[in-house]
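Subject: A structure for you to explore

Hello! Here is the structure I promised to pass on to you. Have a look at it first, and then read on for what I found in it.

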Amino acid sequence: IARAGHLAGDGVSIIKVAGARGLGRSHSWYLIKHVANNTGVAEALKFDLVSATLANQRLDVLFETLVRNLKITDAKMPTSDGTTSDTLAARFAEELAGCLARAAGNWNKPYWLVFDSLDRDLRPEVKRFVSLLCRERLESMFGNCVIFLLGPDAVTEPEDPGRSAEQELLTPFSAGEIRDAAIALNSLGRKTLQQSDLNLRISAAQALAQQYSG
């Protein structure tokens, strides 16, 4: 995820965080936010698409949430009259992209928009909206913004013929990585564990990791 933060700073516009459930895709939000805050290069915002605050994942509520958090004042709610889920998603994506194009020049720093739970059972227009918004970004319809996709599926995966999007694949920790991390963290504490106690905790963590990866 630290590498993903560097990629975002280097001009990459879409970053996909992939991997099986349980490997830390959602938890990676905290690392993304940490990189943004510590470097000061961006303002990170998370939008969990299964959050209760999104009112059953309705697209209009998601749109309003994005507009509010991005401090956009000139957005117009698209009409849903006579639309399919695809055309509704396109209307919302085009409206938000236009708003972002106008607003981006006034931001003090770029925004990192982090969409989580993309592979869950969501309304089809919500999934399509995320994909189309990414396509607008890849086509440079707006700038000064990086979109992180946590766990994209076949629907939310953006069309990317130029292969401009970057992917970070999360994999299970190896036994050696768990041991090295535990030793390093133990050394940072004010009161370090005795080696015997540390070994017990390392073994427990390794067993847990094996259970989830198996």
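How many salt bridges does the structure hold? There are seven salt bridges in it. Please keep in mind as you read that this is a predicted model.

**The chain as a whole**

The chain contains seven helices and five strands. Starting at the N terminus, its elements follow the order α-β-α-β-α-α-β-α-β-β-α-α. It has 214 residues, and 41% of them count as buried. If you take the contacts with a separation of 6 or more, 74% of them are between residues 24 or more positions apart.

**Helix 5**

Just past the end of the helix, Ser140 has a positive phi of about 60°.

**Glu125, a buried residue without a salt bridge**

Glu125 belongs to helix 5, which covers residues 124–138. Which side chain of opposite charge is nearest to Glu125? The answer is Arg123, at 4.1 Å. A salt bridge needs the two atoms to be within 4 Å. Glu125 is buried and has no salt bridge. Setting aside neighbours within four places in sequence, Glu125 is in contact with Leu59, Ser85, Leu88 and Ala89.

**Salt bridges to look up**

Lys127 and Asp153 are both buried.

Another salt bridge joins Glu159 and Arg128, with 3.7 Å between the closest N and O atoms. This pair links distant parts of the chain, since Glu159 sits in the loop between strand 4 and strand 5 while Arg128 is in helix 5, 31 residues apart. Glu159 counts as partly exposed at 42% relative accessibility, and Arg128 also counts as partly exposed, at 22%. Through salt bridges that share partners, Arg128, Arg135 and Glu159 form one network.

A further salt bridge is found between the side chains of Arg58 and Asp60, at 2.6 Å, N to O. Arg58 is partly exposed, with a relative accessible area of 36%, and Asp60 is partly exposed at 24% relative accessibility.

**The nonpolar cores**

Which residues touch the most other members of the largest nonpolar core? They are Leu49, Leu96, Phe115, Phe129 and Ile147, in a core of 41 residues. At least two residues of this core come from each of strand 2 (43–48), helix 3, helix 4, strand 3, helix 5 and strand 4. Helix 4 gives the largest share, nine residues.

Leu49 is worth a click. Leaving out neighbours within four places in sequence, its contacts include Leu54, Leu62, Phe115, Leu122, Val126 and Val130. There is also a second, separate core of 15 residues, and it includes Val12, Val17, Val114 and Leu150.

**One last stop**

Finally, look at Ser174, in the loop between strand 5 and helix 6 (175–188). Ser174 counts as partly exposed, at 34% relative accessibility. Its C-alpha atom is separated by 8.2 Å from that of Ala209, a residue 35 positions away along the chain.

Enjoy exploring!

Terms used: Residues are numbered from 1 along each chain as its sequence is written. This is a predicted model: local features need pLDDT of at least 70, side-chain atom pairs count only at pLDDT 80 or more; totals for chains, interfaces and linings use all residues. Side-chain values use heavy atoms; hydrogens and water are left out. Helices (H or I, at least four residues) and strands (E, at least two) are DSSP runs, numbered from the N terminus. Buried means under 20% relative accessible area, exposed over 50%, partly exposed in between (1.4 Å probe, protein chains only). Lys and Arg count as positive and Asp and Glu as negative; His and the chain ends are not counted. Contact means heavy atoms within 4.5 Å. A nonpolar core is a set of buried Ala, Val, Leu, Ile, Met, Phe, Trp, Tyr and Cys residues joined through side-chain atoms within 4.5 Å.
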